[in-house]
Amino acid sequence: MAFYHIRQYQEKDHKKVLELFSRGMKEHVPAAFHHMLTLPQTLLLLPGVPVTIVLVSGSWLLATVCSFLFLLCLRLLIWLSWRNYVATSLQADLADITKSYLNAHGSFWVAESGDQVVGMVGARPVKDPPLGKKQMQLFRLSVSSQHRGQGIAKALVRTVLWFARDQDYSDVVLETSCVQYSAVALYQAMGFRKTDQYFVSIATRLMGLSILHFTYSLPFAWGSGM
């Protein structure tokens, strides 16, 4: 197991953090595509399209080509959606991490192994928390694919929990997509509860790509189950 340590973000990390984020997000495209193929509407269209074409044209070749193009369009739709999300993120909080996190009563950390940035996570206060709550939100958790399975993601999440606890926050909240299966499993294993699920737009509803909202209540019996 490679040695790693977690430290606060520095400006010299910016390029590596952006690369890590971009690579990590692209990895979810196949999972999102597979998820979309399992939706009832997709399962209805997949056999329905070629059968309809055969009945209309009498050509199985045309039906096969159209089915292939249909799947290609679905894959392209997923890829464009993720690419737009990455582009938006790079122009939003990740454009200036110091301003977005460190100067906004939050923080941002990187996991370093050797001279490589192999993990990252950010946290900042929720602007309009529920009445009587003081909430910190976890953002941008990502670990390099070559360094997974070493407990880095769990250590990064713990860092956020400790940071929030030390500043007397009542909860740590986060949002992730329904196809980020490893992240969802990690959060649930660490004691986060799913408290909401919604769709960002009509397009994401049609694609079945929902956003899951998780909450971790503080204080916690530190060390148990983590």
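H1 and H4 are roughly antiparallel to each other, where an angle over 145 degrees counts as roughly antiparallel, under 35 as roughly parallel, 65 to 115 as roughly perpendicular and the rest as oblique. This is a predicted model, in which local features need pLDDT of at least 70 and side-chain atom pairs count only at pLDDT 80 or more, while totals for chains, interfaces and linings use all residues. Residues are numbered from 1 along each chain as its sequence is written, and side-chain values use heavy atoms, with hydrogens and water left out.

Back to the helix pair. The axes of H1, residues 14–26, and H4 cross at roughly 160 degrees and come within 10 Å. Axes here are lines fitted to C-alpha atoms, for helices over the stretch in contact, and angles run from 0 to 180 degrees between N-to-C directions. Helices are DSSP runs of H or I with at least four residues, strands are runs of E with at least two, and both are numbered from the N terminus. From H1, Leu18, Phe21, Ser22 and Met25 meet Trp82, Tyr85, Val86, Ser89 and Leu90 of H4; contact means heavy atoms within 4.5 Å. The residues of this contact divide into seven nonpolar, two polar and no charged. Nonpolar covers Ala, Val, Leu, Ile, Met, Phe, Trp, Tyr, Cys and Pro, charged covers Asp, Glu, Lys and Arg, and the others, Gly among them, are polar.

H4, residues 60–91, also packs with H3, residues 40–57, at an angle of about 150 degrees and with the axes 8 Å apart. H3 and H4 are therefore roughly antiparallel to each other. On the H3 side the contact holds Thr42, Leu45, Leu46, Pro50, Ile53, Val54 and Ser57, and on the H4 side Trp60, Leu62, Ala63, Cys66, Ser67, Phe70, Leu71 and Leu74. That contact divides into 12 nonpolar residues, three polar and no charged.

Ser57 lies in H3 and is partly exposed, at 39% relative accessibility. Buried means under 20% relative accessible area, exposed over 50%, and partly exposed in between, with a 1.4 Å probe and protein chains only. The Ser57 side chain reaches the backbone oxygen of Ile53 at 2.7 Å and the backbone nitrogen of Ser59 at 3.2 Å. Ser57 and Arg7 are 50 residues apart in sequence, with their C-alpha atoms 64 Å apart in space.

Now two strand residues. Val118 is found in S3, residues 116–125, and is buried at 1% relative accessibility. Val118 and Lys16 are 102 residues apart in sequence and 8.8 Å apart, C-alpha to C-alpha. Leaving aside neighbours within four places in sequence, Val118 is in contact with residues including Leu20, Ser142, Val143, His147 and Ile152.

Thr176 lies in S5, residues 171–177. Thr176 is buried, with a relative accessible area of 6%. The side chain of Thr176 makes a polar contact with the side chain of Gln180 at 3.2 Å. A polar contact is a pair of N or O atoms within 3.5 Å; within protein, one must be able to donate a hydrogen and the other to accept it, and residues adjacent in sequence count only if both atoms are side-chain atoms. Neighbours within four places in sequence aside, the contacts of Thr176 include Ala183, Tyr187, Ile211 and Phe214.

Last, the whole protein. There are eight helices and seven strands, and 45% of the 226 residues count as buried.
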